[in-house]
Amino acid sequence: MAKVVKNRNILFNEESICRVSSENLRIFEEQASVNDSRRFRYCLHEDTNTPVQEMINFWPPYTYFQPHSHPYYAETKLLIKGEMLVLLFDEGGNVENHFIMSAEKGCDILRLKSGIIHTNITLTDTIM
């Protein structure tokens, strides 16, 4: 089904058809809970050279990523579980917008066009 890359925290799909069930999510979430970082990533794409990269991320509360943008591609976030603060910035680094994504009542989806500076801060255990 998948190959381990770099460490136990990242798996890459090797199949031409990739289906992730609720049971897979439960297993991946368990894997995240035993890692020192409490993070885990399952990549639906085959490797880091694949043009479209789709992944399922498992993050503990208060996971933070430095604000960044993707100048050549859009990004879609689909929150499966948890809550996450999203901050959007202008070119000067000022917060332009912010909101909480929440999967409390079902999934929450956000699509950002290329070039939008953003960051996420997880508020709970999160699957995205």
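1. First, a term for what follows: a polar contact is a pair of N or O atoms within 3.5 Å, where, within protein, one must be able to donate a hydrogen and the other to accept it, and residues adjacent in sequence count only if both atoms are side-chain atoms. By that rule, the T126 side chain reaches the backbone oxygen of E83 at 3.5 Å, and it also reaches the backbone oxygen of T124, at 2.8 Å.

2. Some ground rules. This is a predicted model, where local features need pLDDT of at least 70 and side-chain atom pairs count only at pLDDT 80 or more, while totals for chains, interfaces and linings use all residues. Residues are numbered from 1 along each chain as its sequence is written, and side-chain values use heavy atoms, with hydrogens and water left out.

3. Back to T126. It lies in strand β10 (residues 126-127); helices (H or I, at least four residues) and strands (E, at least two) are DSSP runs, numbered from the N terminus. T126 is buried, at a relative accessible area of 2% (buried means under 20%, exposed over 50%, partly exposed in between, with a 1.4 Å probe and protein chains only). Leaving aside neighbours within four places in sequence, T126 is in contact (heavy atoms within 4.5 Å) with N57, F58, W59, L79, K81, G82 and E83.

4. Now look at R39, in the loop between α1 and β3. Its C-alpha atom is separated by 9.7 Å from that of T126, although the two residues are 87 apart along the chain. R39 is partly exposed, with a relative accessible area of 31%. Not counting residues up to four places away, R39 touches N9, A32, F58, W59, P60, T63, Y64 and F65.

5. N35 sits in the loop between α1 (22-34) and β3 (40-43), but this one is buried, at 6% relative accessible area. Its side chain makes a polar contact of 2.6 Å with the side chain of N9. With residues up to four places away set aside, N35 touches R8, N9 and F40.

6. Two backbone spots to check by eye. Most residues other than glycine have a negative phi. R38, in the loop between α1 and β3, has a positive phi of about 60° although it is not a glycine; R38 is partly exposed, at 36% relative accessible area. Y62, in the loop between β4 and β5, has a positive phi near 70° and counts as exposed at 63% relative accessibility.

7. On to a sheet. There is an open one of 3 strands in the order β7-β6-β9, with antiparallel pairing (two strands pair if DSSP finds at least two bridges between them). β7 (95-102) and β9 (117-122) stand at the edges with a single partner strand each, so one side of each has no neighbour in the sheet. Strand β6 (residues 83-89) is joined to β7 by 7 bridges; L85, for one, has I100 of β7 as its bridge partner.

8. Finally, where is the most lining of the largest pocket supplied from? β4 gives the most, with 5 residues. A pocket here is an open set of points on a 1 Å grid over the protein atoms alone, where a 1.4 Å probe fits, with protein on both sides within 12 Å along at least five of seven lines; lining residues have an atom within 4 Å of a point. The space in the largest pocket is about 950 Å³, a volume being the space filled by probe spheres set on the points, with grid points joined across faces, edges and corners. Of its 29 lining residues, Q53, M55, N57, E75 and T76 are the closest to the centre.
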